[in-house]
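Subject: Structure for your review

Dear colleague,

Please find below the sequence and the structure that I am handing over to you. My findings follow directly after it.

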Amino acid sequence: MTPLVLTGSAWVEDRPLFPPLRLELATGAWTSLLGPSGVGKTTLLRLIAGLPTGVRFEGRVEGRRPAALMAQDAGLLPWLTVAQNVALGARLRGERADPARVRDLLARVGLGDLSERFPAALSGGQRQRVALARTLIEDRDPVLLDEPFSALDALSRLRMQDLAAELLRGRMVLMVTHDPGEAARLSDHILLLTENGLTAQPVPATPPPRPMDAPEVLAAQAALLGRLIGAAA
Amino acid sequence: MKFARPVLTVAALLGLWQGVIVLAGLPPFLLPGPLAVAEALWRYRADLAWATLRTATEIIAGFGLGAALGIAVALLTSALPRVGAALRPVLLVSQTIPIFALAPILTLWLGYGMAPKIAVTVLITFFPVASAFLDGLGRTPAAWLDLAQVMGASRWRVMTRIRIPAALPALGIGLTIAAVYAPVGAVIGEWVGGSEGLGALMIHANGRMRIDLVFACLVVVTGLALAFHAAVARLVAARFARYG
């Protein structure tokens, strides 16, 4: 599996969004993209996903391939059951989803009993679990996460981070986040995007997912937050 | 208890109506009281029932065809934006022409049978259905469309599996609004030409100064419209609720 490399720069009409930069996603590694609001993090993710961005992008994405996407909005279709939502990709491609695999993945995200429920009956954390199962069943590299946990309460967020780290281990992951603590817990690589471009940030030496209260995680979180404040100023 | 308040309101209004007539000494050929209307409802029950059957048939046929046309127009406009752009002025103009002006022409073209009444009903019902459904088709949450694209869905499947189901609640609103207008369309059609249906009965009664029968027709038309609206609203709620 080749790495995925985006090179180029982008403008919103005539205003530069980000200068020429190079973003590489390594095989089997979790890369977090951190940065202040409006700097183009989600635009980068959408360029890699091949989604419309509304910006003028000059550059290219090498090694682009079908991705799996999970966003802040779980994006569950209210008229489909949990199991049908997990199998959405197959449904949309006119394929048959393997019911055993759907059951297995729902069990792995801890929703084995809720497969026949409709999304309206789920909590925010449960919806994101369904979205995670729907992402996993696609079996894609890269997995693109666009602030997937930011709408959750603190406890659900920690649990979802652990679950995602466990189930996405070994995959090429790009996570856009504005939470330095989340990046410090989960990442193999951390990139900071500012209007000056992309810079690699130090990552704790221990393997992810790291405990939220480990000293090296707290130190990394504080350092990242400091740079974020510096970037926003 | 839920109905107590509206029933009281209606009873009070009917009482006021009867009271005004008695106190002002209005002759029944100008304004019949509720008792006179009730008497006319009973005396002409056979004519009214027959006319109601006729009008209800026109309402159901016109609403069905109008809804189908509205759905087709919305889908076509949404799937083929260029066709939609060409169609839009025509649709808009069709709604600016007063239906009262169009009804005699339709009678001229389609004769005195049911066809022109159904045509008027179609003209009056398709527009709310088309515009509400089209609006819904254009409001699919971006997150769902992103997912579909990343998952490799074809345009056709995005339409049938996501955009159409996501627009069903909006379609439901359009259908419910159209259900209010459908009886109006049928009655206008009957006014203009023909000898059957509640509209025709009303016009004839008016010509013979049978104002009590005119009012009886109005009562039946109102009841019919309310019942039809309630039926459509129920159907919409039962079928489309889970898409909301």
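In strand S4 of chain A, the bridge partner of A:Gly8 is A:Gly59. Please bear in mind throughout that this is a predicted model.

Strand S1 (residues 4–12) of chain A and strand S4 (residues 56–62) of chain A are joined by 7 bridges and pair in the antiparallel sense. Strand S1 of chain A also pairs with strand S2 (residues 15–25) of chain A, again antiparallel, through 8 bridges.

Which way do strand S3 (residues 30–34) and strand S8 (residues 189–194) of chain A run, parallel or antiparallel? They run parallel, and 4 bridges join them. A:Leu34 stands opposite A:Leu192 in S8(A). S8(A) is also joined to strand S9 (residues 197–201) of chain A, in this case by 5 bridges and in the antiparallel sense. One example is A:Ile190, whose bridge partner in S9(A) is A:Gln201. S8(A) and S9(A) form a hairpin, with 2 residues between them.

I now turn to chain B. The unreviewed UniProt entry lists residues 59–78, 90–112, 166–193 and 213–237 of chain B under "transmembrane region". In the model, residues 59–78 of chain B are 100% helix and 0% strand, and the end C-alpha atoms of this span lie 28 Å apart. For residues 90–112 of chain B, the corresponding figures are 83% helix and 0% strand, with the end C-alpha atoms 27 Å apart.

Which of its residues are buried? They are B:Leu198, B:Gly199, B:Ala200, B:Leu201, B:Met202 and B:Ala205. These buried residues pack against three helices of chain B, namely H3 (45–79), H8 (155–192) and H10 (211–240). Just after H9(B), B:Met209 takes a positive phi of about 60°.

Yours sincerely,

A colleague

How values were computed:
Residues numbered from 1 in each chain as written. Chains lettered and ligands numbered in written order. Predicted model: local features only at pLDDT ≥ 70, side-chain atom pairs only at ≥ 80, totals over all residues. Buried ≥ 20, exposed ≤ 12 C-beta atoms within 10 Å, placed from the backbone. Contact = placed C-beta atoms within 7 Å. Pairing = 2+ DSSP bridges. UniProt positions renumbered as here; feature names shortened; annotations may be inferred.
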